[in-house]
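Hi,

Here is the structure I said I would pass on to you.

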Amino acid sequence: MSTNLPKSSGKAFSLGGCFSAVTACFYWGIVFVIPSFLSHFHDTEIVLFRYLTYGIFSLITSTIYSKKIFYSFPKKVWVKAFIWSTVINPIYYLGIVAAIRLAGSAITVIIAGLTPVGVLICANIRKRELPLSLLLGIVLITTLGVILSNVSEFRGEVTEGVLQKIVGIACVLTSTAIWVAYVISNESLVKSHEDMTPEIWGRMFGICALIVCVPLLALCNWLGFASTLHSFATASTKDVYLFLILTTILGIFSSGQAINLWNKASLSLPSSVLGSMLVLEPLFGLILSFLLVSKTFPSLMESVGILLMLTGSLAGTLLSEHGTTLSVPPKEALENKEFSEELVD
């Protein structure tokens, strides 16, 4: 992709990238509420069926729209797709599920909600687009917003065992680090293969997820982390249909379409802007939880937290976008390029 776009063209393409990122965050936000309607099924089953659906959907659309995906790309590209698909799909979400069970939902949601902060910091370490004082201010505002908007989750929540809680926190920290690494490196990944569209990358990820999730589902049932046959046998017909419909929605939209849109955004937006906008994911999750699950209005503290998250996201997006218009010294640009290539490889 050429980087010498005209100013007006660049702006339009950037606005399109912002729209893609916002829509992807909305699809990811759905993930926070759908499990509330599937209480009869194990969290692991919801996660794995989501990615099975994503894989089947990717396989079908690849067969119809992009058959070249099966023979035109080298083994190295498939290896990259397989590794990233495995870590950001089942491994990431299974880590979140384990953290919720071991450390509790409140601390898990807060730590995972700080992913945008991690992305913003790493992006600015790689390419200094914001002064340290501004970066620190945005990080503090966003962090405080995440904490305030989720602090009510601590009420009445008790988790037994210090070791259990430590393991749970380690799980969510690992998952959060995985997601930060993906967002940072995905920009370089999609830009370094100009012959591959965002949709092709998304379908590759889906096919790889299918390859991983089929044996993983069998393994989880064998180890007792899931009991799929028992869940289907004891659930009502209505619950089974609801499970299949909602996991299909998760697979097609929260996985397939979300990754496609995020890939499109990664082509036109720097990682720092993507990091700022990523805070919309838990925000959409919070809003949908209030509208569809609790059916209440947020408290004053939660409202302040939501406002702070929006402020941090908007400030990070606008200031980072402004920073990308500044010229980068040749030496620093070369260092940034080498760093990006290391992440992709």
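Let's start inside, with the second largest cavity: helix 2, helix 3 and helix 10 (237-268) each give at least two residues to its lining. Keep in mind that this is a predicted model. The volume of the second largest cavity is about 40 Å³. If you want to find it on screen, look for Trp28, Arg50, Tyr51, Ile88, Asn89, Tyr93, Trp179, Ser254, Ser255 and Ile259, which line it. Sorted by class, that lining has six nonpolar residues, three polar ones and one charged one.

How many cavities of 30 Å³ or more does a search of the whole structure find? The search turns up two. The largest cavity holds about 50 Å³ of space. Among the residues lining the largest cavity are Pro116, Val117, Leu120, Ile138 and Thr142, along with Gly275 and Ser313. Helix 5, helix 6, helix 11 (271-277) and helix 13 (300-323) each put at least two residues into this lining, and helix 5 gives the most, with three. The lining of the largest cavity has five nonpolar and five polar residues, but no charged ones.

Now for a pocket. The second largest pocket has a volume of about 1,000 Å³. Its lining takes in 40 residues, and Val31, Phe32, Val33, Ile100 and Val109 lie nearest the centre. Which helix gives the most to the lining of this second largest pocket? That's helix 12, with eight residues. Others that supply at least two residues each include helix 2 (43-65), helix 3 (75-103) and helix 4 (105-113). By class, the lining of the second largest pocket splits into 23 nonpolar, twelve polar and five charged residues.

Last, a look at how two helices pack. Helix 7 (residues 162-191) packs against helix 10 at an angle of about 75 degrees, and their axes are 9 Å apart. That angle is why helix 7 counts as roughly perpendicular to helix 10. On the helix 7 side, the contact is made by Tyr182, Val183, Asn186, Glu187, Val190 and Lys191. Helix 10 brings Ile259, Trp262, Asn263, Ser266 and Leu267 to the contact.

Cheers

Key:
Residues numbered from 1 in each chain as written. Predicted model: local features only at pLDDT ≥ 70, side-chain atom pairs only at ≥ 80, totals over all residues. Heavy atoms only, no water. 1 Å grid on protein atoms, 1.4 Å probe; cavity = no way out; pocket = protein on both sides within 12 Å on 5 of 7 lines; lining within 4 Å. Points joined across faces, edges and corners; volume = space filled by probe spheres on them. Helix = DSSP H or I, 4+ residues; strand = E, 2+ residues; numbered from the N terminus. Nonpolar A, V, L, I, M, F, W, Y, C, P; charged D, E, K, R; others polar. Axes fitted to C-alpha atoms, helices over the stretch in contact; angles between N-to-C directions. Parallel < 35°, antiparallel > 145°, perpendicular 65-115°, else oblique. Contact = heavy atoms within 4.5 Å.
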